[in-house]
Amino acid sequence: MLRVPFARPRPAIFERIGEENQGLPVLIFADAAAAPADAGELKGTRFIGDAKRIAGLLADRYGIPSSH
């Protein structure tokens, strides 16, 4: 897990998924094949930048009830 400061610029993020995608929160998949079909993509790196979608994915993965 990588935590980055809130203030921009966020080079740790935009180096991976582009400057235009440095909004937080963002979930970047270590394994692009494990990313859902609706994930964004830049140079083979897949990511989700919607907080509700991230919460739903984490709830599904770890068996936590959610309201998604």
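**Salt bridge, sheet and core of the predicted model**

R53 is partly exposed, with a relative accessible area of 26% (buried means under 20%, exposed over 50% and partly exposed in between, with a 1.4 Å probe and protein chains only). The model is predicted: local features need pLDDT of at least 70 and side-chain atom pairs pLDDT 80 or more, while totals for chains, interfaces and linings use all residues. Residues are numbered from 1 along each chain as its sequence is written, and side-chain values use heavy atoms, with hydrogens and water left out.

R53 forms a salt bridge with D38, their closest N and O atoms lying 2.7 Å apart (a side-chain nitrogen of Lys or Arg within 4 Å of a carboxyl oxygen of Asp or Glu). This pair links distant parts of the chain, 15 residues apart: R53 belongs to helix α2, and D38 to the loop between β1 (27-28) and β2 (40-42) (helices, H or I, are DSSP runs of at least four residues and strands, E, of at least two, numbered from the N terminus). D38 is likewise partly exposed, at a relative accessible area of 47%. The count of salt bridges comes to one.

Three strands make up an open sheet in the order β1-β3-β2, with antiparallel pairing (two strands pair if DSSP finds at least two bridges between them). β1 and β2 are the edge strands, each pairing on one side only. Between β2 and β3 (residues 45-48), the antiparallel pairing extends over three bridges, and T45 in β3 is the bridge partner of L42. K43 is placed in the loop between β2 and β3. Although not a glycine, K43 has a positive phi of about 50 degrees, and its relative accessibility of 79% makes it exposed.

The largest nonpolar core comprises six residues, namely F29, A35, A39, I48, I54 and L57 (buried Ala, Val, Leu, Ile, Met, Phe, Trp, Tyr and Cys residues joined through side-chain atoms within 4.5 Å). With residues up to four places away in sequence not counted, I54 touches P25, V26, L27, I48 and G49 (contact means heavy atoms within 4.5 Å). P25 lies in the loop between α1 and β1, and the peptide bond from L24 to P25 is cis, with omega near 0 degrees. A cis peptide bond, also with omega near 0 degrees, runs from R8 to P9; P9 is found in the segment before α1 (11-17).
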